[in-house]
Amino acid sequence: MIPAPKPPSEPDMNNLPTNPMPLHQKKYLLNSIKAIRRLKDAQPFINPVDIVKLNIPFYYNYIKRPMDLSTIEKKLNVNAYEDPIQLIEDFNLMVENCFKFNGKDSAISSMVKNILSSFEKHINNLPPKELPDKKSTS
Ligand SMILES: CN1C(=O)c2ccccc2Sc2cc(NC(=O)[C@@H]3CCCO3)ccc21
């Protein structure tokens, strides 16, 4: 088995969407990611898995699309997301990568489950795409 090369890092700046998500949703999600990054259990997920520091040369043989909180934040900042669902998919990818490589019952996976439940609480309060019409008297 030969160590697989590092996959291309994201975002792909040559392939940004023409209609990114509205600013109010972007702002909300940026605050959510920042809040999650401050959690104690978020520490190992703040930056991409470092295969040299962790001495895991075969990581990319198993994990084809690495994902982490700094990459999600970067993609938000460059408007790489058309819809919040795509950010949610990236967060879930980060969780699944952890489960796959370390096992669902590992210590690191209980940490990723904790930050996932915090993320889900933020997503419950995500503002809708269309802001309520300011003129309407409901
Ligand atoms: C998510 N994840 C992992 O999925 C992972 C992958 C392989 C082996 C262990 C782990 S637990 C883990 C630990 C760190 N640890 C660190 O970042 C620091 C720096 C290197 C050693 O501790 C970072 C990511 C990570």
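This is a predicted model: local features need pLDDT of at least 70, side-chain atom pairs count only at pLDDT 80 or more; totals for chains, interfaces and linings use all residues.

Visitor: Which residues line the largest cavity?

Guide: Pro-20, Met-21, Lys-26, Leu-76, Asn-79, Ala-80 and Tyr-81 do the lining. A cavity here is a set of points on a 1 Å grid over the protein atoms alone where a 1.4 Å probe fits but cannot get out, and lining residues have an atom within 4 Å of a point. The structure holds one cavity of 30 Å³ or more, and the largest cavity has about 30 Å³ of space in it. Sort its lining by class and you get five nonpolar residues, one polar and one charged.

Now for the ligand. Its surroundings are Pro-44, Phe-45, Lys-53, Leu-54, Ile-56, Phe-101, Asn-102 and Ile-108 (each with a heavy atom within 4 Å). That shell splits into six nonpolar, one polar and one charged. Asn-102 puts a polar side-chain atom 2.8 Å from a ligand oxygen. On its own the ligand exposes 530 Å², and the protein buries 66% of that (Shrake-Rupley areas, 1.4 Å probe).

Numbering runs from 1 along each chain as its sequence is written, and side-chain values use heavy atoms, leaving out hydrogens and water. Mean pLDDT (per-residue predictor confidence, 0 to 100) is 96 for the protein chain, with 98% of its residues at 70 or more. The ipTM is 0.94 and the pTM is 0.94.

Conventions
A polar contact is a pair of N or O atoms within 3.5 Å; within protein, one must be able to donate a hydrogen and the other to accept it, and residues adjacent in sequence count only if both atoms are side-chain atoms. Ala, Val, Leu, Ile, Met, Phe, Trp, Tyr, Cys and Pro count as nonpolar, Asp, Glu, Lys and Arg as charged, and the others, Gly among them, as polar. On a 1 Å grid over the protein atoms alone, a cavity is a set of points where a 1.4 Å probe fits but cannot get out, and a pocket is an open set with protein on both sides within 12 Å along at least five of seven lines; lining residues have an atom within 4 Å of a point. Grid points are joined across faces, edges and corners, and a volume is the space filled by probe spheres set on the points.
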